[in-house]
Amino acid sequence: MTADTIDTNDYAARAEQIRADHDRTLERVRAAYTDKRLTAEARDNLIAKSHLKTQAALEELRTAVNTQRTRTKQDLERRMFVPDTKDGNDPATRATSFRQARAQADALGDGRAIRAELLQAARSGDTLLAKAILQRAHDLAVRTQDKSLVETIVGYVNEYRPDLRQTYMDLVDMEREDKSVAQRFQREAAFMHTIPTELGRYQAQQIEQIAADPRFTDTK
């Protein structure tokens, strides 16, 4: 599983499937122990193996989801704020001009100044300055939760860059999810894994030692 293939929309279902596989293993092993087909040590070994495998799979999934989420957010920000060929054909000139525009935009300290300068940039066709101001507005909106700045960006996008409307809405949604404690907890909860009762008295290092016991290498 890699960050390039994980679909962040179904990660919870994948995590649930991983835990379900583990639960089936627990049922099988416990039944074998009850029927005296396994000793207590062999039981704990198999349960420890399944526990560690499940833990590793959930952590791998968590890492893949977070990596993909970061990449998605960066792509949205790039499409919204990074200059492209529409802002000039020469990359070097474009980069230099944008740095200057960013310096000008970063000097804007409040929503009123941002709105005024963004309107002026839009009317004059200065797309580089407009993007720099949009980025400044977005950064301030994220930091201060100023809804008027979001409205300013939406107003500009609707009138001058309707092709970016969905991009910005997706970016706003991701920012809101990142700010929401409930949303963050919901994502993290999907990767939680309970230690089986049989292993509850052991420390993590002891569980690893139990799983690695060479006496049960061939025990299934």
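pLDDT is the predictor's confidence in each residue, on a scale from 0 to 100. The structure is a predicted model, so local features are taken up only at pLDDT of at least 70 and side-chain atom pairs only at pLDDT 80 or more, while totals for chains, interfaces and linings use all residues. Residues are numbered from 1 along each chain as its sequence is written, and side-chain values use heavy atoms, with hydrogens and water left out.

How confident is the prediction? The mean pLDDT of the chain comes out at 91, and 96% of its residues get to 70 or more. Where pLDDT is low, the predicted coordinates should not be read in detail.

On to the fold. The chain has nine helices and zero strands; both are DSSP runs numbered from the N terminus, with helices being H or I over at least four residues and strands being E over at least two. The radius of gyration, taken over C-alpha atoms, is 26 Å, whereas a compact globule of 220 residues would have one near 17 Å. That globule rule is 2.2 Å times the number of residues to the power 0.38. Along its principal axes, the C-alpha trace spans about 85 × 35 × 30 Å. Of the contacts between residues at least 6 apart in sequence, 74% join residues at least 24 apart.

Buried residues make up 37% of the 220 in the chain. Here, buried means under 20% relative accessible area, exposed means over 50%, and partly exposed lies in between (1.4 Å probe, protein chains only).

R43 sits in helix α2 (residues 40-81). Is R43 buried or exposed? With a relative accessible area of 13%, R43 counts as buried. Leaving out residues up to four places away in sequence, R43 touches V29, Y33, L38 and E198. R37, by contrast, is found in the loop between α1 (11-34) and α2. Its relative accessible area is 56%, so R37 is exposed. Again leaving out residues up to four places away, R37 touches A31 and A32.

How values were computed: Contact = heavy atoms within 4.5 Å.
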